[in-house]
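Please read them with the structure open.

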Amino acid sequence: MKLSTKGRYGLRALIDLAQYSEAEPVSIGSIAERQNLSERYLEQLMSLLKKAGLIKSIRGAGGGYVLAKDPKEVSVGDVLRALEGKLEPVECSGYSQDEECAASGGCVTKYVWKRINESINRTVDEIKLDTLVEESKQLAASDMEKPKACNN
């Protein structure tokens, strides 16, 4: 499975939004600047995130975007599924009760695909947005403590 820029950039944007929207709505322009992303592309991603119910837009002066839920309630899986769709690297009808596969009776690889799919989904669902915000803050603090190279 390979995530597209939609998933990667959208997750970065949502972490940024969670970090900066606690006091007031955040503009697309400010997210784009901090994350070094195209505003036009970010608008498309925000539209998908809004449609999924993960963010809300606020119109007017001082408007922008805010999270629709508490960051503790939003998983990486929620974000990636909103932007990428299903996360399964292999679609196998052999382990689905709704579909049939002619080879499922004698196919042992379906167990491999099922375990991989379950592992990916479990992992992305366990990681919450609030955890990533805290990680981001810690990284920023440790970067400030590192001595800077002298350019003389």
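1. A residue is called buried here when its relative accessible area is under 20%. The model is a predicted one. By that cut-off, 30% of the 152 residues of the chain are buried.

2. Overall layout: the chain holds six helices and two strands. Read from the N terminus, the order is α-α-α-β-β-α-α-α.

3. Contacts and surface: 64% of the contacts between residues at least 6 apart in sequence join residues at least 24 apart. The chain has an accessible surface of about 10,100 Å², and carbon and sulfur atoms account for 49% of that.

4. Helix α1 covers residues 5–20. Its 16 residues, at 1.5 Å a residue, should span 22 Å, and the end C-alpha atoms are 22 Å apart, so the two values agree. At the start of α1, Ser 4 places a side-chain oxygen within 3.1 Å of the backbone nitrogen of Lys 6.

5. Which residues of α1 are buried? They are Gly 7, Gly 10, Leu 11, Ala 13, Leu 14, Ile 15, Asp 16, Leu 17, Ala 18 and Gln 19.

6. The second largest pocket holds about 190 Å³ of space. Two or more lining residues come from each of α1, α2 (28–35) and α6 (129–145). The most come from α1, which gives five residues.

7. For checking on screen, the lining of the second largest pocket consists of Arg 12, Ile 15, Asp 16, Gln 19, Tyr 20, Arg 34, Gln 35, Leu 132, Glu 135, Ser 136 and Leu 139. Ile 15, Asp 16 and Gln 19 are among these lining residues and are also among the buried residues of α1.

Technical notes: Residues are numbered from 1 along each chain as its sequence is written. This is a predicted model: local features need pLDDT of at least 70, side-chain atom pairs count only at pLDDT 80 or more; totals for chains, interfaces and linings use all residues. Side-chain values use heavy atoms; hydrogens and water are left out. Helices (H or I, at least four residues) and strands (E, at least two) are DSSP runs, numbered from the N terminus. Buried means under 20% relative accessible area, exposed over 50%, partly exposed in between (1.4 Å probe, protein chains only). Contact means heavy atoms within 4.5 Å. Accessible areas come from the Shrake-Rupley method with a 1.4 Å probe; for residues, only the protein chains shown count as cover. The expected span of a helix is 1.5 Å times one less than its number of residues. A polar contact is a pair of N or O atoms within 3.5 Å; within protein, one must be able to donate a hydrogen and the other to accept it, and residues adjacent in sequence count only if both atoms are side-chain atoms. On a 1 Å grid over the protein atoms alone, a cavity is a set of points where a 1.4 Å probe fits but cannot get out, and a pocket is an open set with protein on both sides within 12 Å along at least five of seven lines; lining residues have an atom within 4 Å of a point. Grid points are joined across faces, edges and corners, and a volume is the space filled by probe spheres set on the points.
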